[in-house]
Amino acid sequence: MITGSCLCGAVTYTANGTPGAPAACHCTQCRKQSGHVWASSYVEDDALEIKGAVRWFQSSDKAKRGFCPTCGAALFWKHDDESFTCFSTGSIDGPTDLQLRGHIHTATKGDYYTISANEPQRET
């Protein structure tokens, strides 16, 4: 079980079970949302309990992003056709015991940083 929250504490969540290994996403939307790179893990929808008001933004024709309407913290990403929800690894309370599985959407990463060639990468 993992617990997490936004910056102000108005939104909290519990991810039950074993979450999927997190990935660092370098797509333009994630960079604009987070200010750099968005890293997230995921659990099945029925294993995620969210408390507090989450504002959802339909960021594409396929997915939406959830954030705290009070402090603006980016917390969730949800594909419309999938049965899981991603949650920000940066919002996890305490140690995570998770290991980054790699980097995704590296074809659109920012030009101001590099990713080690030793780390798994996927362009899309």
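Helices here are DSSP runs of H or I with at least four residues, and strands are DSSP runs of E with at least two, both numbered from the N terminus. What we have is a predicted model, in which local features need pLDDT of at least 70 and side-chain atom pairs count only at pLDDT 80 or more, while totals for chains, interfaces and linings use all residues. Residues are numbered from 1 along each chain as its sequence is written, and side-chain values use heavy atoms, with hydrogens and water left out.

Let me turn to the cores, where a nonpolar core is a set of buried Ala, Val, Leu, Ile, Met, Phe, Trp, Tyr and Cys residues joined through side-chain atoms within 4.5 Å, and buried means under 20% relative accessible area, exposed over 50% and partly exposed in between, with a 1.4 Å probe and protein chains only. The largest nonpolar core has 16 residues, and Val11, Phe76 and Phe87 have the most contacts inside it. Strand S2 (12-15) and S8 each supply at least two residues of this core. Apart from it lies another core, of six residues, including Cys25, Cys27, Cys30 and Trp38.

Now to two residues in loops. Asp97, in the loop between S9 and strand S10 (102-104), has a positive phi of about 60 degrees although it is not a glycine, and Asp97 is exposed, with a relative accessible area of 77%. His105, for its part, sits in the loop between S10 and strand S11 (121-122); the phi of His105 is also positive, at about 55 degrees, although it is not a glycine, and His105 is partly exposed, with a relative accessible area of 28%.
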